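Welcome! Here is a short briefing to read alongside the sequence and the 3D view.

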Amino acid sequence: PSMPAEGMPRAEYRARKFGSLERSRELDARVRKEGESEGIAFAFDAIERTPNTVAAHALVGLAQQQGRGEPVVDALFRDYFEEAKDIGDAAVLAGVAERCQVSGWPRQGAMTEVVALDQELRGMGISAVPTFILGRKFAVSGAHPPETLIEAIREASAR
């Protein structure tokens, strides 16, 4: 929520978030290795800016209303993580909307809706990506190994 509208240099953002650029690079290396095993070629070194993603989230919301959410999410991830495009840029988002056949982009008021939803979720204590809400009973936040998620699902099912 505090990301400037124009985004910020990725190295600066990651150093702040993880305490140092070295730590950020260690984490990127782990994710890159996992990605390779899934056929994802993360281009972390080529990403210059961390974007403000409010508009990208608004595009996803519009796409979901049209049954096009999955292709849009895939396109946004590919553009950002593999092609190092700035998914906070209006032209990049317009290109995704066109490629994925999402009509009515950009939609008036969409960014306001995303900000309001973000505030609502933060008010519920959700502040990490990913967050899994299980059985509407509890949430698991952050990246976890499959075994941890399986146990959380079992626990939610038992309640």
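E113 is partly exposed, with 44% relative accessible area, where partly exposed means the range between buried (under 20%) and exposed (over 50%), using a 1.4 Å probe on protein chains only. Please keep in mind that this is a predicted model, in which local features need pLDDT of at least 70 and side-chain atom pairs count only at pLDDT 80 or more, while totals for chains, interfaces and linings use all residues. Residues are numbered from 1 along each chain as its sequence is written, and side-chain values use heavy atoms, with hydrogens and water left out.

**Salt bridges**

- Side chains of opposite charge can pair when their charged atoms come close.
- The structure holds 10 salt bridges, each being a side-chain nitrogen of Lys or Arg within 4 Å of a carboxyl oxygen of Asp or Glu.
- E113 pairs with R107 in a salt bridge, at 2.9 Å from N to O; R107 is partly exposed, at 25% relative accessible area.
- D28 and R14 form a salt bridge at 2.6 Å, N to O.
- D28 sits in helix α2 (residues 21-37) and R14 in helix α1 (residues 10-18), so this pair ties together parts that are 14 residues apart in sequence; helices here are DSSP runs of H or I with at least four residues, numbered from the N terminus.
- Both partners are buried: D28 has a relative accessible area of 6%, and R14 has 13%.
- D79 and R99 meet in a salt bridge as well, at 3.1 Å from N to O.
- This pair links distant parts of the chain, with D79 in helix α4 and R99 in helix α5 (residues 90-99), 20 residues apart.
- Here D79 is buried at 2% relative accessibility, whereas R99 is partly exposed at 47%.
- D79 and R99 also belong to a network of salt bridges that includes E83 and K85.

**Aromatic rings**

- A pair of aromatic rings is described by the distance of the centres and the angle of the planes.
- Rings of Phe, Tyr and Trp (its six-membered ring) pair if their centres lie within 6.5 Å; planes under 30 degrees apart count as stacked, over 60 as edge-to-face and the rest as tilted. By this rule there are five aromatic pairs.
- The rings of F77 and F81 have centres 5.5 Å apart and planes at 35°, so they make a tilted pair.
- F77 and F81 are four residues apart in helix α4 (residues 69-82), which means that about one helical turn separates them.
- Y80 and F81 have ring centres 4.8 Å apart and planes at 75°, so this pair is edge-to-face.
- F81 is partly exposed at 22% relative accessibility, while Y80 is buried at 9%.
- F42, F44, F77, Y80 and F81 form one aromatic cluster.

**The second largest pocket**

- On a 1 Å grid over the protein atoms alone, a pocket is an open set of points where a 1.4 Å probe fits, with protein on both sides within 12 Å along at least five of seven lines; lining residues have an atom within 4 Å of a point.
- The second largest pocket has a volume of about 180 Å³, where volume is the space filled by probe spheres set on the points, and grid points are joined across faces, edges and corners.
- Among the residues lining this pocket are R14, D28 and F44.
- Helices α1 and α2 each supply at least two lining residues, and the largest share, five residues, comes from α2.
- The lining divides into four nonpolar, one polar and seven charged residues; Ala, Val, Leu, Ile, Met, Phe, Trp, Tyr, Cys and Pro count as nonpolar, Asp, Glu, Lys and Arg as charged, and the others, Gly among them, as polar.
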